[in-house]
Amino acid sequence: MGLWNRIQAWWTRLRCPTEFLCDNCKYDHPSACSRPQRPNAVRCPDYRPRGK
Ligand code: SF4
């Protein structure tokens with residue numbers, strides 16, 4: 001993983017109020033997200049905070 005990706009992951013985690021990204025992600029639904037790491041993703045390029 002490159003430095004830029006690590007900075008992005010760090011920044012994403014900093015802004016997420018829950019332990020796992022999925023708990024605060026608007027795609028946290030089987031029909032919206034088919035990623036294998038759901039519902040316990042700690043890194044995800046598709047993560048979008050709810051209500052934004
Ligand atoms: S898009 Fe990523 S963060 Fe969102 S529910 Fe799916 S795996 Fe979780």
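Me: Let me start with one side chain. What is the relative accessible area of Arg50, and how is that value read?

Reply: The model is predicted, so each value is computed from predicted coordinates. Arg50 has a relative accessible area of 43%. Buried means under 20% and exposed means over 50%. Arg50 therefore counts as partly exposed.

Me: Next, charged pairs. How many salt bridges does the structure hold?

Reply: First the general idea. Side chains of opposite charge can pair when their charged atoms come close. Here the structure holds 3 salt bridges.

Me: Which side chain meets that of Arg50 in a salt bridge?

Reply: The partner of Arg50 is Asp28, at 3.9 Å from N to O. Both residues lie in the segment after helix 1, and the pair ties together parts that are 22 residues apart in sequence. Asp28 has a relative accessible area of 22%, so Asp28 is partly exposed.

Me: At what N to O distance do the side chains of Arg38 and Asp28 meet?

Reply: Arg38 and Asp28 form a salt bridge at 3.1 Å. This pair links distant parts of the chain, 10 residues apart, with Arg38 and Asp28 in the segment after helix 1. Arg38 is partly exposed, because its relative accessibility is 25%.

Me: And where does Asp46 find its salt-bridge partner?

Reply: Look at Arg35. The side chains of Asp46 and Arg35 meet at 2.8 Å, N to O. The two residues sit 11 residues apart in the segment after helix 1, so the pair links distant parts of the chain. Asp46 is partly exposed, at 36% relative accessible area. Arg35 is partly exposed too, at 27%.

Me: Now the ligand. Which residues surround the ligand?

Reply: The shell includes Leu21, Cys22, Cys25, Tyr27, Cys33, Cys44 and Tyr47. Asp28, Arg35, Arg38 and Asp46 also surround the ligand. Now link this to the charged pairs. Arg38 and Asp28 form a salt bridge, as do Asp46 and Arg35.

Me: How does the shell around the ligand split by class?

Reply: The shell has 7 nonpolar and 4 charged residues. No polar residue is counted there.

Me: Turn to the peptide backbone. What kind of peptide bond joins Arg38 and Pro39?

Reply: Most residues other than glycine have a negative phi, and most peptide bonds are trans. The bond between Arg38 and Pro39 is cis, with omega of about 5°. Pro39 is found in the segment after helix 1.

Me: Now helix 1. Is Thr12 buried or exposed?

Reply: Thr12 is in helix 1, residues 3-15. Thr12 is at 18% relative accessibility, so Thr12 counts as buried. Leaving aside neighbours within four places in sequence, Thr12 is in contact with Leu21 and Tyr47. Leu21 and Tyr47 are among the residues that surround the ligand.

Me: Which residues form the nonpolar patch on the surface?

Reply: The patch is formed by Leu3, Trp4, Ile7, Trp10, Trp11 and Leu14. Together they have about 740 Å² of accessible area. Take two members. Trp10 lies in helix 1 and is exposed, with a relative accessible area of 52%. Ile7 is in helix 1 as well but counts as partly exposed, at 36% relative accessibility.

Me: How far apart in space are Ile7 and Ser31?

Reply: The C-alpha to C-alpha distance is 30 Å. In sequence, Ile7 and Ser31 are 24 residues apart.

Me: One last residue. Where does His29 lie?

Reply: His29 lies in the segment after helix 1. His29 counts as partly exposed, because its relative accessibility is 44%. Its C-alpha atom is separated by 16 Å from that of Val42, 13 residues apart along the chain.

Methods: Residues are numbered from 1 along each chain as its sequence is written. This is a predicted model: local features need pLDDT of at least 70, side-chain atom pairs count only at pLDDT 80 or more; totals for chains, interfaces and linings use all residues. Side-chain values use heavy atoms; hydrogens and water are left out. A residue is near a molecule or strand if one of its heavy atoms lies within 4 Å of it. Ala, Val, Leu, Ile, Met, Phe, Trp, Tyr, Cys and Pro count as nonpolar, Asp, Glu, Lys and Arg as charged, and the others, Gly among them, as polar. Helices (H or I, at least four residues) and strands (E, at least two) are DSSP runs, numbered from the N terminus. Buried means under 20% relative accessible area, exposed over 50%, partly exposed in between (1.4 Å probe, protein chains only). Contact means heavy atoms within 4.5 Å. Patches are made of residues with over 30% relative accessible area and no salt bridge: like charges are joined within 9 Å, nonpolar side chains (Val, Leu, Ile, Met, Phe, Trp, Tyr) within 5 Å. Accessible areas come from the Shrake-Rupley method with a 1.4 Å probe; for residues, only the protein chains shown count as cover. A salt bridge is a side-chain nitrogen of Lys or Arg within 4 Å of a carboxyl oxygen of Asp or Glu.
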